[in-house]
Amino acid sequence: LEGAKPALREGRIALLVEHVNNPRHRGVLRDADVVMPGGSPECGGSVVVYLKGDGNGKVEGLSWRGEGDTISMGATSIAMERIVEGHLTMEEVLRIDYDEFVQELGKDLIGSRTRNATLGLSTIKAAIRQYSKGKLANTAEPTPA
Amino acid sequence: MIVDREETGMTEQEIQEKGYANPDALVSTQWVQENLDDAANIRIVESDEDVLLYDIGHIPNAVKVDWVEDLNDPLTRDYVDPDHFASLMSEKGISPETTVIFYGDKNNWWATYALWVFRLFGHDKVKVMDGGRIKWESEGREMTQEVPSFPTAEYPVPTRDDSKIRAFRDDVMAHLKKVREGEGGLIDVRSPGEYRGELLHMPDYPQEGALRGGHIPGAKNVPWARAAREDGTFKSAQELREIYEGEAGLKPDGDTIAYCRIGERSSHTWFVLSYLLGYDNVRNYDGSWTEWGNVVRAPIER
């Protein structure tokens, strides 16, 4: 077991790096109902999440773009994959527990950088809340740094 | 791809030719290549914003110092205490006589931050690898995932002296009068959007944000990365003087305070002003905007 932990760590790093190199669902969703920015452009990372709902609590379209470190970009792509491929409802997305998400990524990798690890997920949740409020088509883009 | 390092790698002579007040504060990638096995005298330290880069690959014989986990106190907003610093040094095989060569991502942004913290503890044998990680990588030099192991070193518990290179909120408040009278320099090294107070309106802004946006009155805005060239190396002394003295009006013999959001970007500017341009009196206000923008009645300009 002593030897197993570093291997797991390497595997988890490799997963994040693979997502950084092949980001899932990255791009602009032209007909998004909500465009939600999150994060800090110069510190850790920033993302913009594009969400389209079907009006019945399901996610019809979800994508993102952003820039940042390996943790924030990799974790955003992983969250996107889970939500889109898993056909999660908006309610299910809101119920994803941040601590559990960080545990799965690897607490030993993330350490104190939980904000980076949850940047994408928290911005997706913010987009869903915005959608649910009925404030559609918030087209505000973040000011570039 | 075969790279002819003799021709493409920056040499010490090229650093000399950039005209710095303290050219010895920098070493070239070529120098690091030639000295990386000299573990008895030097320790190469990688310090990044992107904390996983070291695991993905680093310079052979480099150790990692993480500004979050290693240098920040986990409870109080401060740096680790002298006992922790001494054990960190010991664990990395660094003695007070070891010359520490810092490098990292983002134009050595976090490398200079770590260097500044080392200086708080009186570790003065410090240098930066000009060009940082990106230059090393672009020159096709060797990277490894192997974490080196060095014998633990004796590192007596140092005394931390914050007075010379670190400014606190009250110091900045007192400094405002000097700034108004043209006797003190104040430099805000954040992006223009942050300086103008426009970026705080983003929804879901991180908890490190501030309640108010803007800048400290009298501060001039010179984004930190303007000190670097596209290849990650520092601009020449003349180019730097044109920016910091020509545009921002700083005086080499003046009293200068630099700040950003949490004090890391401004440590880069602190390094440029104090080492490369040789200013005697530069302090980094690490409380920076996340403190100032939350202080009741602190004066703000937009």
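A residue counts as partly exposed when its relative accessible area lies between the buried class, under 20%, and the exposed class, over 50%. In this predicted model, B:Asn61 has a relative accessible area of 22% and is therefore partly exposed. This residue lies in the loop of chain B between helix H4 (53-56) and strand S3 (62-64). Its backbone also deserves attention: most residues other than glycine have a negative phi. B:Asn61, although not a glycine, has a positive phi of about 75 degrees.

A second residue with a positive phi is B:Lys106, which is likewise not a glycine and has a value of about 50 degrees. Whereas B:Asn61 is placed in a loop, B:Lys106 belongs to helix H7 (residues 105-120) of chain B. With a relative accessibility of 36%, B:Lys106 is also classed as partly exposed.

Helix H7(B) leads on to a helix packing. Two packed helices are described by the angle between their axes and the distance between the axes. For H7(B) and helix H12 (residues 265-276) of chain B, the angle is about 75 degrees and the axes are 7 Å apart. Angles of 65 to 115 degrees count as roughly perpendicular, and H7(B) and H12(B) are therefore roughly perpendicular to each other.

On the H7(B) side, the contact is formed by B:Asn107, B:Asn108, B:Trp109, B:Thr112, B:Tyr113, B:Leu115, B:Trp116 and B:Arg119. These residues meet B:Arg265, B:Ser267, B:His268, B:Trp270, B:Phe271 and B:Tyr275 of H12(B). Classified by residue type, the contact between H7(B) and H12(B) comprises seven nonpolar, five polar and two charged residues.

Methods:
Residues are numbered from 1 along each chain as its sequence is written. Chains are lettered from A and ligands numbered from 1 in the order in which they are written. This is a predicted model: local features need pLDDT of at least 70, side-chain atom pairs count only at pLDDT 80 or more; totals for chains, interfaces and linings use all residues. Side-chain values use heavy atoms; hydrogens and water are left out. Helices (H or I, at least four residues) and strands (E, at least two) are DSSP runs, numbered from the N terminus. Buried means under 20% relative accessible area, exposed over 50%, partly exposed in between (1.4 Å probe, protein chains only). Axes are lines fitted to C-alpha atoms, for helices over the stretch in contact, and angles run from 0 to 180 degrees between N-to-C directions. Angles under 35 degrees count as roughly parallel, over 145 as roughly antiparallel, 65 to 115 as roughly perpendicular and the rest as oblique. Contact means heavy atoms within 4.5 Å. Ala, Val, Leu, Ile, Met, Phe, Trp, Tyr, Cys and Pro count as nonpolar, Asp, Glu, Lys and Arg as charged, and the others, Gly among them, as polar.
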